[in-house]
Amino acid sequence: MAHAAMAQQAEQAAFTSTYFIPFSMERNALRQVLEAEGVLSATQYRMLIELFFAHPGTIPQSELSTLLHVKPNVIANAFPQLDTLMFTHRRESEQDARARIAAITPQGIAYVNESEKTLVAQFRITWPPRNENYQRLFRAITHVGHSIDKNIPPVISATHPTTHLIAALESIARPIEEETKTQSGYPIPECRVMQRLYETHMPMRIGVVANQLMLTNATATRTTKALHEKGLIQRLAHPHDNKAVYIALTERGEREALRVVNIVNYAGSKFFWDRLGEGHMITFTQLNRVIVTIMKMQRQAQEAAELSNLTSID
């Protein structure tokens, strides 16, 4: 029993690279929807749903910065578009004429309602409703997200499940990423690549790293180039495949990667594990395996799709 308890505690203390995968899944799905609509940025949409949650109440503009973990100037620059579309309304604070109070308008509510329908369709691809692994992950994250972000009304889970999922995941992701970036001094993609290379302790192809971390090929290439220029990774050639380029941590990279891993684990403990109730902690200690299963399923589906496109060269 003591050994099992110690193993569970160690698993909880580590916020491994696989725990970042749901964040990537959510952001990729949201980006696809917003790009297709061509109306709002991801930040503007997150601002709008926070105001949607608060309706019929209001939120001080400065508080949105805290809720979303973004700089005040980002919020200030994002509002004019929302105001122009008549999705939001702002007024001066009665206590401080320099402060602004924001609220969602009926047009904004209608936009969130319509976007929910589009998001459901996209998230059914990302989070298939008939797959129990995905649904376990979905239910656990939304429940814990509500326990972290008290601004999320419980009723939203029933009426706007994907909107709730977005808010829940971001309430977990943003503080962890902000703490990691600030303490390490590296952008999040660089931290994630170093973390993954440290976990595997072996050279990896750039494409494999991108696939496992759900990074775009462009982001993975740009990130590995930056890490190489900083002397943190080395590039290795395959003896029988000139096109296959592998990356591995340098000696200095190993030290920096360990520092990053410790920072990520600390941030995960501070903003995630320590905020979980006892019941949810057991659920989330199992999610690492669930996410690995999901990743394997995605790779298998991708490989099957590629094989279906093969043509004869004879």
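1. The sheet first: three strands form an open sheet in the order 4-6-5, paired antiparallel. Pairing here requires at least two DSSP bridges between two strands, while helices (H or I, at least four residues) and strands (E, at least two) are DSSP runs numbered from the N terminus. Strand 4 (204-205) and strand 5 (233-238) are the edges; each has a single partner strand, so one side of each lacks a neighbour in the sheet.

2. A word on the source: this is a predicted model, where local features need pLDDT of at least 70, side-chain atom pairs count only at pLDDT 80 or more, and totals for chains, interfaces and linings use all residues. Residues are numbered from 1 along each chain as its sequence is written, and side-chain values use heavy atoms, with hydrogens and water left out.

3. Back to the sheet: two bridges join strand 4 to strand 6 (residues 241-249) in the antiparallel sense. Met204 has Ile247 of strand 6 as its bridge partner.

4. Now a helix pair to look at: the axes of helix 10 (residues 188-200) and helix 13 (residues 251-271) come within 9 Å and cross at roughly 105 degrees. Axes are lines fitted to C-alpha atoms, for helices over the stretch in contact (heavy atoms within 4.5 Å), and angles run from 0 to 180 degrees between N-to-C directions. Helix 10 is therefore roughly perpendicular to helix 13, a label covering 65 to 115 degrees. Helix 10 contributes Cys191, Met194, Gln195 and Tyr198 to the contact, and residues from helix 13 include Glu254, Leu258 and Val261.

5. For the whole protein chain, 46% of the 314 residues are buried (under 20% relative accessible area, 1.4 Å probe, protein chains only).

Terms used:
Buried means under 20% relative accessible area, exposed over 50%, partly exposed in between (1.4 Å probe, protein chains only). Angles under 35 degrees count as roughly parallel, over 145 as roughly antiparallel, 65 to 115 as roughly perpendicular and the rest as oblique.
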